Amino acid sequence: MQDEEKIQRTVSGGPETAGAAAKTELAGMTEAELTAWAAAQGLPAFRGKQVFEWIHRGEDFDGMTNLSKEVREKLKETAVAQCAEIRLSRKSALDGTVKFLFALRDGNCVEGVLMRYRYGVSLCISTQVGCRMGCRFCASTLDGRVRDLTAGEMLGEILAATRYLRPEGEKVSHVVLMGSGEPLDNYDEVIRFLRLLREENGVRISLRNVSLSTCGIVPRIYDLAKENLPVTLCISLHAPNDRIRRQTMPIANKYAIREILEACRHYIRVTGRRVIFEYALVDGLNAGEAEARELAGLLRGMQCHVNLIPLNEVKERQLKGVSEDTVRAFLKVLQERHISATRRREMGDDIEGACGQLRRKTINTSRSEATCESLT
Ligand code: SAH
């Protein structure tokens, strides 16, 4: 296990280090691991703590001002502190939502979205470059999965946003794992990332402010329940029965809704937290009052909440969204049947920052930044 871990923490150098030996990614380490790593480099243990604190404040080696230049240079040769940077950002004129294109060190890019609410600043992060789940309504899965993100890269998205927010005196307070990728298809790194959030001298984002969204990989839901991490579990349900679900979500051929709900009941029992069901309304498919009644029957008595989202249209996909009247009628059926439900507020409508619209981008660093101007 130790060796496996070591390998995982060591990532190949990004394009800027092509040909150089693999560098160690420090952002994915706990403070204890970083302290041990520093000691192995012949540094005093307190250096590990300092580096850990700097990394979690979003600093790169150059900004670690209580380290001598010599130490910083030595660290730079063997290690990486920050593993995601903002290549592009687009701010919504409507509500201040910001869509980011995060560049990773190997030239891949993932998108993220920062939303400002009354209760704080929420960052939607990606967990994989692309996705292999194949949901028919989603832009993230159009090119399949390219690779998993490491825990350090997921934290890196938060740290890049932290740097962006610093001049505005703001800070990320909430995190949603709802960008590109299926978090439970990258289970070990996602769990490591979640544990990093609550390290005493780290970014310290309460796991109660973290939501993890999954298309419903049932065995991993049971695993998650065992981790003792109080994150809010969100299930992309999108259908009241398996027949409809199979029409848009390939994962529905593997796990039945009945099995997903059983796993959710278990999660609720173990964690004491309610589960959120996401339901994107698709014209002519799942959005009628009959489907609303069926959904209400399915969820009766469960400690849960339903988030209704009128489908965000993706240009490569034929599926259509629904009118506000349809959303209202659907909502009314649920509420009459005492199912807690709301229509999800849409943020960043003018920047394609909404659910299912995030894409993978590849930046070839030998080309100019114009390559990623396709961020729309
Ligand atoms: N793979 C995870 C995380 C993706 S989260 C999951 O499936 O939950 C993104 C959320 O947006 C999911 O609920 C997803 O089903 C939903 N979504 C994807 N495409 C969408 C679209 N075009 N319109 C509305 N919601 C969409």
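The model is a predicted one, in which local features need pLDDT of at least 70 and side-chain atom pairs count only at pLDDT 80 or more, while totals for chains, interfaces and linings use all residues. Residues are numbered from 1 along each chain as its sequence is written, and side-chain values use heavy atoms, with hydrogens and water left out.

The secondary structure of the protein comes to 11 helices and 16 strands, where helices (H or I, at least four residues) and strands (E, at least two) are DSSP runs numbered from the N terminus. Of the 376 residues of the protein, 58% count as buried; here buried means under 20% relative accessible area, exposed means over 50%, and partly exposed lies in between, with a 1.4 Å probe and protein chains only. The accessible surface of the protein comes to about 16,300 Å², and 48% of that surface belongs to carbon and sulfur atoms; such areas come from the Shrake-Rupley method with a 1.4 Å probe, and for residues only the protein chains shown count as cover. Among the contacts in the protein with a separation of 6 or more, 67% are accounted for by residues 24 or more positions apart, a contact being heavy atoms within 4.5 Å.

In α2, which spans residues 31–40, the buried residues are Glu 31, Leu 34, Trp 37 and Ala 38. Seen down the axis of α2, these buried residues fall within an arc of 120°, so they line one face of the helix, the arc being that of the directions from the helix axis to the C-beta atoms. An α-helix has 3.6 residues a turn, so residues three or four places apart point the same way. The buried residues of α2 pack against β2 (23–25), α3 (45–56), α4 (69–78) and β3 (79–80), whereas the face turned away from the buried side carries the exposed residues Ala 32 and Ala 40.

Helix α6, residues 187–197, gives another picture. Nine of the 11 residues of α6 are buried, so this helix is largely enclosed by the rest of the structure. The buried residues of α6 include Tyr 187, Glu 189, Arg 192 and Phe 193.

Now consider the ligand. Of the 19 residues around the ligand, Phe 137, Ser 213, Ser 236, His 238 and Asn 312 come nearest, where a residue is near a molecule or strand if one of its heavy atoms lies within 4 Å of it. The residues of this shell divide into nine nonpolar, eight polar and two charged; Ala, Val, Leu, Ile, Met, Phe, Trp, Tyr, Cys and Pro count as nonpolar, Asp, Glu, Lys and Arg as charged, and the others, Gly among them, as polar. Strands β11 (210–214) and β13 (275–281) each supply at least two residues of the shell.

A nitrogen atom of the ligand is 2.9 Å from a polar backbone atom of Phe 137, and a backbone N or O atom of Gly 181 lies 3.1 Å from a nitrogen atom of the ligand. An oxygen atom of the ligand is 2.5 Å from an N or O atom in the side chain of His 238. These are polar contacts, that is, pairs of N or O atoms within 3.5 Å; within protein, one must be able to donate a hydrogen and the other to accept it, and residues adjacent in sequence count only if both atoms are side-chain atoms. The protein covers 96% of the 530 Å² of accessible area that the ligand has on its own.

His 238 has its place in the loop between β12 (232–236) and α8 (242–248), and at 8% relative accessibility this histidine counts as buried. The side chain of His 238 also reaches the backbone nitrogen of Ala 280 at 2.8 Å. Asn 312, in the loop between β14 (304–310) and α11 (324–336), counts as buried at 10% relative accessibility. Asn 312 and Phe 137 are 175 residues apart in sequence and 8.3 Å apart in space, C-alpha to C-alpha.

Most residues other than glycine have a negative phi, and most peptide bonds are trans. His 338 has a positive phi of about 60° although it is not a glycine, and at 73% relative accessibility His 338 counts as exposed.
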